[in-house]
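This note is intended for a colleague meeting the structure for the first time. Its points cover the chain interface, the domains and the nonpolar core.

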Amino acid sequence: MQFDCRPAGDCAVLISFEQNVSEDINEKVIRLTECIQKAEIHGAVELVPAFASLMVYYNPLQITFNELRDLIQSIDVSEPSRMKVERTVHEIPVWYGGEAGPDLSFIAEYHNLTEDEVIRIHAKETYRVYMIGFVPGFPYLGGLDSRIHTPRLKSPRLQTPAGSVGIAGQQTGIYPLSTPGGWRIIGRTPVPLFRPEQTERPVLISAGDAIRFIPITEEQYSSLLNENTPQKKGGSPI
Amino acid sequence: MKSTAVLEVIKPGMLTTIQDLGRSGYQQYGIVVSGAMDKYAMRMANLLTGNEENAAVLEITLTGPVFTILEDCKIAITGGNLSPSADGKSIPLWTEIDLPKGTVLKFGPIIDGCRAYLAIRGGFDSPLLMGSRSTYLRAEIGGYKGRKLQKGDVLYTYDSPTEMKKGYRKSLHSELIPEYSNEIILRVIKGPQWDAFTPDSQEKFLASTYEISAHSDRMGYRLQGERLETNLTQEQITDPIPNGAIQIPSNGEPILLLADRQTTGGYPKIGVVVTVDLFKIAQGKPGDRISFEAIEIEESHLLLAEQESAFNLLSVSNR
């Protein structure tokens, strides 16, 4: 079977693929998500894709578990042919180092690299967005070069500013909100990832998208920050 | 829409927030659902005041607030009994109440439950953000300025001042009023990772009693009791978390995830509380005892259909 469907309580079906973090499997998750969206199944109310699974929330007064499972299992995700697989690639400008990236020097020393080399390695990849979670708009990215894998901070910072770009073990990511966090911070982007007032699309990045980081200077950071809709400081109420 | 200043906060209580049925449809973006913990009591409070079920209400936790009423209004208080009174006179729960301007509305000692819901005719005025007025505490958005209420806050309702009706009070039939107990039995559907738990742990989970720990909040309840283990040899890959999921972290003690839970998580889930029983845990407090009983999904759907037909009748009779 291509995937497994089982109840996750009385209002959700958990669809699990082979439990591995791989681009192939995640691509199937995204494809199935799109197919179910297109099918507009009556009673299916919300879809939440993750690394190797997809949750379909449903209203049991409108559709039973068995009906929903049968509909989902009739979808074939092995054939990508007719699906459009070209997805959005986001170019995320990042001011690396300095005040924006307090841990860049640590990472460079840790790996016996210069700061510029760390930036070059980090900015050369195109990263797949496996899923969004943890906080609004936070992308779980795959594909960080093993030369800059770095353990988390021993004790988390109380505040990591919104837009911070960091490394934790084999992962890299961006903080959409100012939150406490244990990631090593190497830079900051002026692009707002979470825009709660944009009801249609409150986050910039979706599961299945890709990201490239573009190094910018502090001056470019400041002018981009002004161009964007005035960014709310993390913590200011809306 | 025109709105009227109706409540002023004299004392905020421990955690008083604006909530509705929650922000659904955005979990794929990492946005938590939020919403009332006890949706049964919250919906009933709205129906009693003649509101839509999803109107914004106040969720009041353990230690209640004190308000001054700024304009004649109609309210209903449901859920846990936190000894509400109007100008010192006790007021009944699950009943619509007219409060004249100048009344001091106060909550006192907790008699039962954990959370009370205060609905006001017209619903509380709060910006609609991604389809909901619920407070999202972590992101500091929604509800009242994205936070719990503080002294001096003034709340508005979408209703214009209404005529006070003397002597007439709509109240809920006693059969529809739940009883809250310190011994809580939660029915569960076996979780997606049920098979990953050892037979011994599966048995312990269903046979033993857990205690709600002090580390319990809108995000989740930590339970103390028998530790449970899986046969998993490697960490589970993060997947989505439904409301009421019982996840078992590496220390083996269950965490029951609720309204403010993260959208995804990496611990195996041994069970998920059925929808009709979620109110019981929402009204549970530290020290209360919990036991679990597994039922089949078909039974759970029947229970839900039964509950919803009661709501349908009530909302029809409201029109």
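1. In this model, 39 residues of chain B are in contact with 41 residues of chain A (C-beta atoms, placed from the backbone, within 7 Å). On the chain B side, β15 (239-240) and α4 (297-317) each supply at least two residues, and α4(B) provides the largest share, 6 residues. Helices are DSSP runs of H or I with at least four residues, and strands are runs of E with at least two, numbered from the N terminus.

2. The model is predicted: local features need pLDDT of at least 70 and side-chain atom pairs pLDDT 80 or more, whereas totals for chains, interfaces and linings use all residues. Residues are numbered from 1 along each chain as its sequence is written, and chains are lettered from A and ligands numbered from 1 in the order in which they are written.

3. Chain A is assigned domain 1 (4-73) and domain 2 (89-227), with bounds from an automatic or database domain assignment. Their C-alpha centres lie 30 Å apart. Contact between them involves 7 residues of domain 1 and 6 residues of domain 2; helix α1 (residues 23-39) of chain A gives the most to the domain 1 side, with 3 residues.

4. The largest nonpolar core has 147 residues, and A:Val13 and A:Val56 are among those touching the most other members. Such a core joins buried Ala, Val, Leu, Ile, Met, Phe, Trp, Tyr and Cys residues through C-beta atoms within 7 Å, buried meaning 20 or more other C-beta atoms within 10 Å of the residue's own. Leaving aside neighbours within four places in sequence, A:Val13 has contacts including A:Val56, A:Tyr58 and A:Phe65.

Conventions: Two residues are in contact if their C-beta atoms, placed from the backbone, lie within 7 Å. A residue is buried if 20 or more other C-beta atoms lie within 10 Å of its own, exposed if 12 or fewer, and partly exposed in between; C-beta atoms are placed from the backbone.
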